Amino acid sequence: MFEIDAHDPSNPSPRRRRASVLATSAACEWRSLRFDLGWWSALAASALCVAYAVSVGRARVEQRSAAVAQARADETDRLARLTDLLRKIERGEAPAPDAPYRDPRNAAYVGRGQGAAAVALEDLPTAPLASGLSDLYPQVIKVASGPKDGFLFTDEIANPTRLLGGEFDFAFVVVFLFPAILIALGHDVLSAEREQGTLAMTLAASASLTVVLVGKLIVRLGGVVVVVLGTLVAGLAASGFDFARGTPALLIAAAAVVIYAAFWTSLILLVNSFGLSSAMNATSLAVAWPALILVAPAAISAWAEVVHPAPARSLMILAVRSAAVDVERERAAAEDRFRDEHAPRSDSFAGPIADARTRETLAVTIAADRRADEILAEQEEQARRRRGLAERLAFALPPALLHDALEEIAGNGRTRWDDFLERIDRFHGEWKAFFFEPASRGAALTTADYARFPRFPQDPASARIPDRGLLRIAGELFAVALLSLLCFLPAHLRLRRPTPG
Amino acid sequence: MSEELESNARGRRVSPALVVARREWVELLRDARWVALVGIVVALIVAALAVGIVERSRQTRERAAAAEGDRRVWTAQGPKNPHSAAHFGQYAFKPIGLLAIADPGVDAYAGSAVYLEAHKQNEDRFRSARDLGSMSRLARLSFAFVLQIVLPLIAVILGHSAYSGERERGTLPLALGLGADPRALFLGKALAGASVLLGLLAIATAVLCLGIAIFLPEVELEADFFARLAGLVPAYAIYILGFFGLALAVSAAARGTRTAFVSLLVFWMLNGFVAPRVAGDIASRLQPLPTGQAFRDGIAEAKRAQFGHDEKHPAFVAFRNRVLAEYGVDRVEDLPVSFRGLSLREDDHAGYRIFDEQFGRLRDLVARQDRLRSWAGFAFPLLALQPISTAMAGTDNAHHHEFIRSAELHRRRIQDAASAELMEHGGVDGRAYVAPASLWEAIPSFSPTFPDARLAWRGRSLDFLRLGGWSACCWLAAWAATIRPRAA
């Protein structure tokens, strides 16, 4: 089949000879596969899975956009109503509300709830690729001047069963199903030749067996890669993908898929190099699949869970509540707050907008906020240690690395969310400063103040994968490539001395 | 094989099926790979149990400490107006069932605490899944994971070559040619494989019970635990045996071992990974849930009809007039009870109806999604098994909703107690009234009681029917395929 004469003067270099063998092998494989119904079925199944995954991802992004739009409309509506009332009060057209929490001039209460800013993490064009953390965090975070636990841990409405089951997104297709298809198509790349009796003929040629097998696999498995990526691009284009903004991330996603395919291809070659039967190859790879994709990540995750338990969020609740009680007890603020909320306007509330009672309420908020900040910082550190351990242990697990990389590429990974939460933290500080200062002075908010309410900064850098995320993706893809090489090298060495069977 | 089978059957009066089974067992025992595989599965079971026990103990400890702390904070309020205390509220922490060790279910994806405060029913908060990291979304080590995903794979590996392998080696046509009874062959192979798989399930159950007895000595294994186990273990047995039946059927019908193996693996993957996701997606498209904003807007809209603390609200004026008429007086000052307390109670009760309706609608939508999701359990048994497993473990949506319901009932007890105190002692206005600190001691904290096994069993018959139906179909197919197995 591969009759290339090494002494032929027309065959000048080993490199060219290898290229020629590769091309011949690929051409032979194509001639055999183009009538193979199984291969075409696998390609069709891959295309179907990717197309469905893109549609699921698209639906998620649209749903999220609708939720963000609803929250923004609510914010606009709230602020419009407050501004309108304030304008009327300023002009003397309307009486001031009889309760401070309804008073648009009261900085302590407006900042704490009525004026809360709706903040959302903008979806990247590649967001349909992976749901990542987007279904675990609220679609919109309403930043207010109260303690952070009040808005950071408000969950989005979702069916927990659905969250448990996970989403049929592109990341799932690539990490879970794609290797299974590669295994199904490639597990007998060498053993079938041995079983059909054609291996001896191949070995009789002077061509390198590795090159021959790689040529076969390029067609057999490369076809799946091409279909997966082609369907992805077509699916995204059909759903209005912003190529101007999203192409770089899409190219990284394509590179990730190719590198992941290289890993499984190398593993398939390695298993084949042991000279076992096709059935044994299939069994070995069928055991490797769940071991790498399910059992090892589950074991790593469990180990991290045991070594660094999840932070006890209940501690934060208690700390915040204790702080409130402490301040209330010290300053008898509880009763005052109650009066503020329930009593009609009294003389003490008639002068400056925030009387002593509002300031005391403010003191409770500030104390609780400080306590919440301290505990949250400790808990985030604890959560980081836990994630750090899991990530270090997963550095030899291509499925976990690729899953994480695709989440990062989709903009729903840990680094982008961490970055967003840090920005929220800074914005929360700005928000508090804006409202606490007039509240503590007893000053009234004016319509001019409303126009100056802090706005969540639309950092252009937040509309792309953060640099830390890019570094992380690069590290993960490099690790997968290295692991591919670690599988390929022993396979190549073993294939240099194959047994004809 | 046939001679051995016949002589054994005649000489020792042993059933031919038992002879076949014994031969299969011996082959398995001699195969070091099988011994290693079984060892790995047992190790996974033990590891899953260890993780389950550690996690449950930690969470139980944390929530008990949090409940104690919340009680301290609640009773430390000092003299205060009762309604002010109701605004301060309490926290309800979700109890964890014993069998959460086996199947953590939706617990990590549902909130673990609810803030109980005046005037509003809050949504549950603090999903622990946020802290788990993205790797746990790939898979989470638990008993349920081993039994739902790993054991079916073992069943596939065990059964895929039962007939096709013998056919390829030439032993099957030989045995049949020598007059071996296909029924005996089938029963023997079924017995051998089923005993291995049921043995693994028995080990898992024993490890679970022993683990609880040894590492959780404070827990008493009561009738409720066994009532739940009585649903859990048979469901898993039906599921795993169904997979083995399917493997035998495919092995007998397929052209070769490779075809049988690939077909079974495809089904295993569809069942374990594809079907739950697709079914979840379809269910959420057919019965979409509102967004958080829309849900809260719905409540706010409904509550606009209520007066809250707005004494100029038409509903407030109407209520005041009604009360005055009922008591036959002209001024609230002449009422024998505090009008403030009465109005708060009236407003709270109107709110209860709104929350019951809105949260009830949300709960119904989630239940409908879950029912839709499990419909495909006839074809993909994991979709029928998961609702049974999580229900028996007390980690399904129904148990979560029961927690939400009981927390809300407790919130209402606090509100009613605060309003009653105001009505009795609040005087005309009620705002100036300061209740003694002893009142907070008298109002209990949320004491969670874990629902009994009746909740777990309620509505599970259809899931059992789907699971049992699928398993029975697999065994019927296996019987049909093996009675006249392909000779080549």
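**Close-up views of a predicted two-chain complex**

Residues are numbered from 1 along each chain as its sequence is written, and chains are lettered from A and ligands numbered from 1 in the order in which they are written.

**View 1. The fold of chain A.** Chain A contains 19 helices and two strands; these are DSSP runs numbered from the N terminus, helices being H or I with at least four residues and strands E with at least two. Among its contacts between residues at least 6 apart in sequence, 87% join residues at least 24 apart. Two residues are in contact if their C-beta atoms, placed from the backbone, lie within 7 Å.

**View 2. The contact between chain A and chain B.** Chain A contributes 79 residues and chain B 76 residues. Elements giving two or more residues to the chain A side include helix H2 (37-91), helix H12 (278-307) and helix H15 (356-393) of chain A. H12(A) supplies the largest share of that side, 16 residues. By class, the chain A side has 46 nonpolar, 15 polar and 18 charged residues. Here Ala, Val, Leu, Ile, Met, Phe, Trp, Tyr, Cys and Pro count as nonpolar, Asp, Glu, Lys and Arg as charged, and the others, Gly among them, as polar. The predictor gives the complex an ipTM of 0.89 and a pTM of 0.88.

**View 3. The surroundings of Leu270(B).** Leu270(B) lies in helix H11 (residues 257-286) of chain B. Leu270(B) counts as partly exposed because it has 16 C-beta neighbours inside 10 Å. Leaving aside neighbours within four places in sequence, Leu270(B) is in contact with Ala275(B) and Phe380(B). Leu382(B) is 112 residues from Leu270(B) in sequence, and their C-alpha atoms are 9.9 Å apart.

**View 4. Confidence along chain B.** The average pLDDT of chain B is 88, and 96% of the residues score at least 70; pLDDT is the predictor's confidence in each residue, from 0 to 100. Mean confidence in chain B is lowest in helix H1 (residues 2-11), at 52, and highest in helix H15 (residues 382-393), at 97. Where pLDDT is low, the predicted coordinates should not be read in detail.

Conventions:
Predicted model: local features only at pLDDT ≥ 70, side-chain atom pairs only at ≥ 80, totals over all residues. Buried ≥ 20, exposed ≤ 12 C-beta atoms within 10 Å, placed from the backbone.
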